[in-house]
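Please examine the structure shown below. The paragraphs that follow explain its salt bridges and its nonpolar core.

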Amino acid sequence: MLVGITPDGYAGVDEGYRTSVAGIYAAGDMIYAGHQNTPTALHMGNMAAAAIVMDLSFKK
């Protein structure tokens with residue numbers, strides 16, 4: 001589900017870390033309300049980067 005800002009004040013994203021604005025992705029502490037730490041942010045950033053590559057690869 002895409003939303004602008006969650007009730008907790010974080011950026012809302014879908015499973016590919018896409019925001020509701022086309023071409024804008026968010027990851028790490030910007031979207032995660034749980035325990036915030038560097039490894040989690042790095043993992044989310046890597047997953048967002050993979051989604052970006054896939055989106056650009058299959059863009060028509």
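A residue is called buried when its relative accessible area is under 20%, exposed when that area is over 50%, and partly exposed in between, as computed with a 1.4 Å probe on protein chains only. The model is a predicted one, in which local features need pLDDT of at least 70 and side-chain atom pairs count only at pLDDT 80 or more, while totals for chains, interfaces and linings use all residues. Residues are numbered from 1 along each chain as its sequence is written, and side-chain values use heavy atoms, with hydrogens and water left out.

By these cut-offs, Arg18 is partly exposed, at 26% relative accessibility. The whole structure contains 2 salt bridges. One joins the side chains of Arg18 and Asp14, with an N to O distance of 3.2 Å; Asp14 is buried, at 16% relative accessible area. Arg18 also forms a salt bridge with Asp55, where the closest N and O atoms are 2.8 Å apart. Asp55 is partly exposed, with a relative accessibility of 25%.

The next topic is the nonpolar core, a set of buried Ala, Val, Leu, Ile, Met, Phe, Trp, Tyr and Cys residues joined through side-chain atoms within 4.5 Å. The largest such core has 6 residues: Ala11, Tyr17, Ala26, Ile31, Met44 and Ala48. In soluble globular proteins, nonpolar side chains tend to be buried together.

Methods: Salt bridge = Lys/Arg side-chain N within 4 Å of Asp/Glu carboxyl O.
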